[in-house]
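Colleague: I would like to learn how to read a few features of this model. Please take them one at a time.

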Amino acid sequence: MADTIFALSSGAVPSGVAVIRVSGPGTREIVETVAGKVPQPRKTMLAKLRDPETKDVLDEALVLYFEGPSSFTGEDVAEFQCHGGRAVVSSLLSVLSRFSNCRPAEAGEFTRRAFDRGRMDLTEVEGLADLIAAETESQRKQAVRQMGGALGKLYDDWRKRLIHMRAMIEADFDFADEEDVPGSVADEVWAEATQLHGEIAEHLEKSRSGERLRSGLQVVLMGAPNAGKSSLLNAIAGREVAIVTEEAGTTRDVIEVHLDLSGYPVTLVDTAGLRKTEGVVEKEGIRRAEERGRGADLILWAVEPGGVEQDDVVAGLPEGLRRSVPVWTVRTKADLETLPEQDSSGTIQEIACSSKSAEGMNPLFSRLTRFAEETISVGEAPLATRERHRHYLKDCLSGLRAAVDMVHLPAELRAEDLRRAADALGRITGRIDVEDLLDVIFRDFCIGK
């Protein structure tokens, strides 16, 4: 029999209210013993909570009881909503620990039990984790859609179509002599497999926006020493994040600031100035700067005023970065010069800004916000949000492509490729063969969830 688990689910104390959650086969006995009786399922009851050994009143609290399987975990679940004082919470947790086969929950164990009992699939579990971690409105909306099952339903529907295709192939060669089985079923299957391949490929391409939204747009500040990068970072963050001095090479390591631009998450990264140097520490800082630049969605190349020609303005940026990552040139001291924001074609070439005032930063803020909207706007369609999803979707596409292209192979071997494609989708939702993934997925949950 499974243990009964308990945990403080409402965060750190002291607080106005603390929620202690219990789940497992001993839940009903615990509620009856501590609260005096068990409330009707899903009905709130006000009760004095007592220590069963000393009969002392621990607190007066609201008690809720959810009878399994109609609960979050699929087991009997109870919640004690008590006052959030340290002594109150500590006393109640101590009482719960004295019940037989009752122990503190591990991180994510409530959600793990919901998954094990079929209350949630893995995409819903990941959506819940993303909702807890969401920092912006757009992240919240995407997480709610995923937690609601939209992504899992899409993958389950695709998997069912693949299983149906395999069944039709089986019928084609198992019952070929039967009059009521169409003779060209297999031809229809390969046409449908081609169509499904296109749907999944399109979904995978669109999902790049979903992944960016979940992790945040990466914008990296780069430039020569003393180009004004750290001042720019402080101005965008609205606080003193980086040390600003006249001494070249002050920034030795990357500094990150997380921003919310109109609901879109952006991580702004300040890096070491790029120059030739013999210093070991500064060399390492420059190496890290170039590494972050290669993984960026956008590079802001900071330039001081001084008459640098347009063709030479990013001369210090490694050629590989110029070819692979969008680069905006940012004139960091616009209060000392006057420059246009765009060339005649409307393509962003330079942005003039000044960290001296909010008005001086507005051109950069508006450009960044527009870039975020265009890059990570995801609409309402469910999208893959994790590298794990992308990995198995690629496996699915590989199986589908092999099944469609290998026309010289027997139908039963091509059907095996369809099975491989269906299994890949099943691994995303957790329907098959994911035991080795579960500890990784649940370990980042907080205690009590």
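**Reading the model**

Modeller: Leucine 413 is partly exposed, because its relative accessible area is 45%; buried means under 20%, exposed over 50%, and partly exposed in between (1.4 Å probe, protein chains only). The model is predicted: local features need pLDDT of at least 70, side-chain atom pairs count only at pLDDT 80 or more, and totals for chains, interfaces and linings use all residues. Residues are numbered from 1 along each chain as its sequence is written, and side-chain values use heavy atoms, with hydrogens and water left out.

Colleague: In which helix is leucine 413 found?

Modeller: Helices (H or I, at least four residues) and strands (E, at least two) are DSSP runs, numbered from the N terminus. Leucine 413 is in helix α13, residues 411–429.

Colleague: Where is alanine 424 found, and is it buried or exposed?

Modeller: Alanine 424 is also in helix α13. Alanine 424 counts as buried because its relative accessible area is 2%. Contact means heavy atoms within 4.5 Å. Leaving aside residues up to four places away in sequence, alanine 424 touches Tyr392, Asp395 and Cys396. Its C-alpha atom is separated by 9.2 Å from that of leucine 397, 27 residues apart along the chain.

Colleague: What is the order of strands in the open sheet?

Modeller: Two strands pair if DSSP finds at least two bridges between them. The open sheet has 6 strands in the order β3-β4-β5-β2-β1-β6, with mixed pairing. At the edges are β3 (45–50) and β6 (102–104), each pairing on one side only. Strand β1 (residues 4–8) runs parallel to β6, joined by 3 bridges. Isoleucine 5 has arginine 103 in β6 as its bridge partner.

Colleague: Which helix packs on the sheet, touching β1 and β6?

Modeller: For angles, axes are lines fitted to C-alpha atoms, for helices over the stretch in contact, and angles run from 0 to 180 degrees between N-to-C directions. Helix α1 (residues 27–35) packs on the sheet and touches β1, β2 (15–23), β3, β4 (57–66), β5 (77–84) and β6. The direction of α1 makes about 80° with that of β3. Helix α3 (residues 109–116) lies across β1, β2 and β6, at about 140° to β1.

Colleague: How many residues lie between β8 and β9 in their hairpin?

Modeller: There are 2 residues between them, and serine 262 in the turn has a positive phi of about 55°. Strands β8 (residues 255–261) and β9 (residues 264–270) run antiparallel, joined by 7 bridges. Histidine 258 stands opposite threonine 267 in β9.
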